[in-house]
Amino acid sequence: MMDKIIQKDCNQSFQKQKFTLPIAPASFFAMTLGLAETGNAWRNAAEIWNLPAWLGEFLEGLAVLSFLWWLTLYCNKWIQHRKAALLEFNDPVQSSFVALIPESVILMALALHPYSENSAISLFWVGSILNLIYGAYRLSKLWTQERQSEQTTPSLFLTFTASILVNALAAGLLGYNNYGFMLLGIGTLSWLIMDSVITQQLTVGGLGVKTRNFMGIYMAPAVILFTAYQVLSGTASSVPVTYALMGYALFIFVSITFALKWLKEQAFAPGYWAYTFGIATLSQGLSIFALKENNSMVTLAALVVFCLTNILVLGVAIGSVKLIVKGSYMPK
């Protein structure tokens with residue numbers, strides 16, 4: 001009898017200590033985007049300044065590993081914590097971050113492209129179609145779901161603009177130019193429409209402290225369009241148009257830099273990875289333009305932004321490691 005009691009106590013103790021996967025929000029895929037796009041920036045930089053190419057591939061490898069980790073947690077959330085997953089999926093703000101998942105799949109296609117073209121193309125089409133389906137679904141929800149004014153944040157760009165422009169950029173890099181231009185049209189027109197709505201809210205209603213890192217998303221459409229246009233147009237790209245897009249992308253980047261004091265009112269959190277994708281994409285676009293345009297100012301801008309990209313990514317990575325060591329990276 002005593003043996004059975006002891007065995008029962010041991011089983012109960014084991015069940016309490018049993019390892020369970022943490023619950024992570026879809027917004028954590030921002031890490032994958034930041035690492036992957038920094039890897040792409042390094043690939044270009046290696047060509048311009050003869051920097052070590054392996055560093056770009058190392059970052060792409062980290063991006064792949066982070067994607068697999070966050071995807072595992074996200075799938076587990078739907079299996080083990082379905083209520084939390086449904087709440088996120090239906091939330092007017094947090095649902096926008098679900099768009100990071102197909103966007104991450106697209107970036108994984110670019111990461112793998114030098115090693116396996118067939119795998120890259122398959123991944124691209126999976127991510128691309130899911131990206132469009134989710135974007136169209138979220139647009140319908142924008143019409144039919146009630147929304148408070150404070151729920152109109154830069155996160156809306158993820159679903160209708162930024163992720164679709166990344167889709168267009170990847171299509172161009174993989175050789176699907178006509179399809180890419182179609183995506184560019186969707187993303188650009190959506191940006192022009194949504195930007196007026198979001199800017200109106202930012203200037204009138206402001207942005208809560210806990211969501212200030214969403215401003216990393218605010219710069220994304222301008223920098224991705226600048227990069228995607230060059231990739232899709234190739235040698236036929238208009239130099240004046242490229243300069244115009246570069247000018248606006250840099251203008252938004254500098255404006256956000258001036259707002260650093262305001263942005264830093266939000267304590268460091270995993271959401272800071274949102275800043276890394278925008279600046280890394282700007283670096284990629286500038287390096288592409290520097291390769292085409294024999295202009296010392298463009299090359300200097302590309303070098304400066306590339307250095308800032310690495311400083312920011314390293315800083316966010318160090319901050320993330322500190323949170324992990326403290327056990328406060330994952331939401332409680």
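**Helix packing and cavities**

Author: H2 passes H13 in a left-handed crossing; a crossing is left-handed if the near helix is turned anticlockwise from the far one by less than a right angle, and right-handed if clockwise. Helices here are DSSP runs (H or I, at least four residues), numbered from the N terminus. Before we go on: this is a predicted model, where local features need pLDDT of at least 70 and side-chain atom pairs count only at pLDDT 80 or more, while totals for chains, interfaces and linings use all residues. Residues are numbered from 1 along each chain as its sequence is written, and side-chain values use heavy atoms, with hydrogens and water left out.

Reader: Are H2 and H13 roughly parallel or roughly antiparallel to each other?

Author: Helix H2 (residues 30–49) and helix H13 (residues 273–292) have axes 8 Å apart and pack at about 20°. Axes are lines fitted to C-alpha atoms, for helices over the stretch in contact, and angles run from 0 to 180 degrees between N-to-C directions. Angles under 35 degrees count as roughly parallel and over 145 as roughly antiparallel, so H2 and H13 are roughly parallel.

Reader: How do H5 and H7 cross, left-handed or right-handed?

Author: The axes of helix H5 (residues 100–112) and H7 come within 10 Å and cross at roughly 15°. That makes H5 and H7 roughly parallel to each other. As for the sense, H5 passes H7 in a crossing that is left-handed.

Reader: Which residues of H5 make that contact?

Author: Contact means heavy atoms within 4.5 Å. On the H7 side, the residues include Leu 158, Val 166 and Leu 173. From H5 come Leu 100, Glu 103, Ile 106, Leu 107 and Leu 110.

Reader: What volume does the largest cavity have?

Author: A cavity is a set of points on a 1 Å grid over the protein atoms alone where a 1.4 Å probe fits but cannot get out, and lining residues have an atom within 4 Å of a point. Grid points are joined across faces, edges and corners, and a volume is the space filled by probe spheres set on the points. There are 2 cavities of 30 Å³ or more, and the largest comes to about 60 Å³.

Terms used
1 Å grid on protein atoms, 1.4 Å probe; cavity = no way out; pocket = protein on both sides within 12 Å on 5 of 7 lines; lining within 4 Å. Helix = DSSP H or I, 4+ residues; strand = E, 2+ residues; numbered from the N terminus. Parallel < 35°, antiparallel > 145°, perpendicular 65-115°, else oblique.
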